[in-house]
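Trainee: Please pick a single part of this model and take me through it closely. I would like to see what surrounds it.

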Amino acid sequence: MQFHRDGFRTGDPRVAPQVEAGAKDDVDVLIVGAGPAGLTLAAYLAQFGDINSRLVEAKDGPLKLGQADGIACRSMEMFQVFGFANRVMEEAYWVNDTVFWGPSEAGGIQRTGRIQDVEDGLSEMPHVILNQARVHDFYLEVMRNGPRRLAPDYETRFVGYARDGGGVFVALEGPNGPESCRAKYLVGCDGARSAVRGAMGLALEGEAAHQAWGVMDVLAVTDFPDIRFKCVIRSGPGNIVLIPREGGNLFRVYVELDRLGAQERISARNITLDQLVAAANRIFAPYYIEPKEVPWWSVYEIGQRLCPRFDDGPDPRVFIAGDACHTHSPKAGQGMNVSMGDGFNLAWKLAAVLRGDGTPGLLQSYNAERHQVAADLIGFDRHWAKRFAERPAARESQEFQEYFSAHQGFTAGVSFRYAPSLIVGDGAHQGLAEGFVEGTRVHSAPVRRAADGKLMELGHVVEADGRWRLFAFADRAEHALGAFCHGFDAALPVDLRVVLQHDYREVEVTGLPEMLLPCTGALGLQDFERVFCAEATSDIFQMRGVDRDGGALVLVRPDQHISHVLPLENRLPETVVRCITG
């Protein structure tokens, strides 16, 4: 984090200098719904003093107790961009192992296996568990610290909208009565019963699995030996997913209940907490749980539903994100994570268009990219839920465990790959950096900063600032790197970083090409943080398959996804320049 660039600053560097707040009845982006998708979008846009956003929420205040709790590795990588990943890691429960339990021949359940929850090398970030409300708190803080000090307008309900020339006219119902707002763009992040989606004339499509489940957060006395491990329990009486929670004592139990009739709804069962506890104890037998306090519980039915599109057409002005456009079971742990991914994907594109760094056509890629992600998730969730519901025999436990292990990349959120497009390459030069796969998120690795020897993750230089990143991996002799630096257009709006192959102690910073020590900010101070070196014990060139002889260029979008892998040449192709400049 650089915060003295324009002169010495005191105080918390996370708090941006304040600018005048914009009018609330005429905004660039109106966001409906302060859930994970809406807060991700709002927090990103809040970083720009020249973008006037508004976030409205029908509830009377921020979430106090969240429904979702699993935070995938990919979401943790995203939190790093916003600057609060370390705070989440400090508070959260870390999922280290997943333990499998199955039916015992003697009756009851027995431990059948154990795997490492996140395989080595999948991400530098852990899989953690934290109350969704705390994630909301961190996003709200990021918004408050932005230049416009953005905060949600609570008790404000979306009523309807009409396309209005170059924008959208929106009707709202606030705490003081009806009001209106004109926005250039409207985004509905208002959940599975989305009023914005309804106003667009769209609906979620799909089928219910007619399977009832209960979930409860519990403080309990128990003799179950793996109560502080994530567990998948499959037995004759039913199935359980056990998720330890933050704080050392709390845990969450997902309990399989009875199947529903074809036309039956879960609400008709009138299931009580006592019934849910009794069902859990039948599955846990011969072990028991004795609840002392249940802060939250609910019942639900499994269903996988997807909206046919996530925007209002070829020239989109209205979008939906999160549960407003896809719903599925919670057992894959992807609901909050994929919703935040929606918001992140749309945020940088809206920022680019609003700030003149991209053309409106860029916004069409949101539907194309995120609809495919949601479709893949729903396909996985449907298959996973079916496998999970099968009554196991003892011999099937190993097969089930292997299936779970084989899909770790998917559940970690790191296997999503955007298809080739105007902003994703076709793989023509993928062989130059095989571990940086075009369309996937940039897979970080350790490097040393040349100027001060700091050990850090290369991917962590990406911040929520709307900029593209260009990583130039030097060739062995550095002749190609020299030619690249000589011919590179410094006016191109891209954050250039260089990775050298040799030890940082061999680098004379003042001997680097002038363009790698640019003078920036109001005082024209040198930027010493653009050059890195491979770390001897974890060589990024080897870890990510980067061509040592010729080097490579890796172009990364503002949302951490890789746009292109290119040869280390003195000029970028015109098609790639258009990716960056719009």
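Mentor: Start with α7, which gives the largest share of the lining of the largest cavity, 5 residues. This is a predicted model, where local features need pLDDT of at least 70, side-chain atom pairs need 80 or more, and totals for chains, interfaces and linings use all residues. Residues are numbered from 1 along each chain as its sequence is written, and side-chain values use heavy atoms, without hydrogens or water.

The helix α7 spans 335–354 (a helix is a DSSP run of H or I, at least four residues, numbered from the N terminus). Both α7 and α2 (73–82) supply at least two residues of this lining. The lining holds 19 residues in total. Nearest the centre of the cavity lie Arg-74, Gly-341, Arg-370, Phe-416 and His-561. By type, the lining has 8 nonpolar, 7 polar and 4 charged residues (Ala, Val, Leu, Ile, Met, Phe, Trp, Tyr, Cys and Pro are nonpolar; Asp, Glu, Lys and Arg are charged; the others, Gly among them, are polar).

The volume of this cavity is about 200 Å³ (a cavity is a set of points on a 1 Å grid over the protein atoms alone where a 1.4 Å probe fits but cannot get out, and lining residues have an atom within 4 Å of a point; points join across faces, edges and corners, and volume is the space filled by probe spheres set on them).

Where does the largest cavity lie? Domain 1 (26–91 + 130–205 + 308–376) and domain 3 (430–581) both give residues to its lining, so the largest cavity lies between them (domain bounds come from an automatic or database assignment).

The whole structure has 4 cavities of 30 Å³ or more.

Now the nonpolar side. The largest nonpolar core has 111 residues, and Phe-79, Phe-82, Val-88, Tyr-139, Leu-350 and Phe-484 touch the most other members (a core joins buried Ala, Val, Leu, Ile, Met, Phe, Trp, Tyr and Cys through side-chain atoms within 4.5 Å; buried means under 20% relative accessible area, with a 1.4 Å probe and protein chains only). The helix α7 gives the most to this core, 10 residues. Domains 1 and 3 both give residues to this core, so it lies between them.

Terms used:
1 Å grid on protein atoms, 1.4 Å probe; cavity = no way out; pocket = protein on both sides within 12 Å on 5 of 7 lines; lining within 4 Å. Buried < 20%, exposed > 50% of the residue type's maximum accessible area, 1.4 Å probe, protein only.
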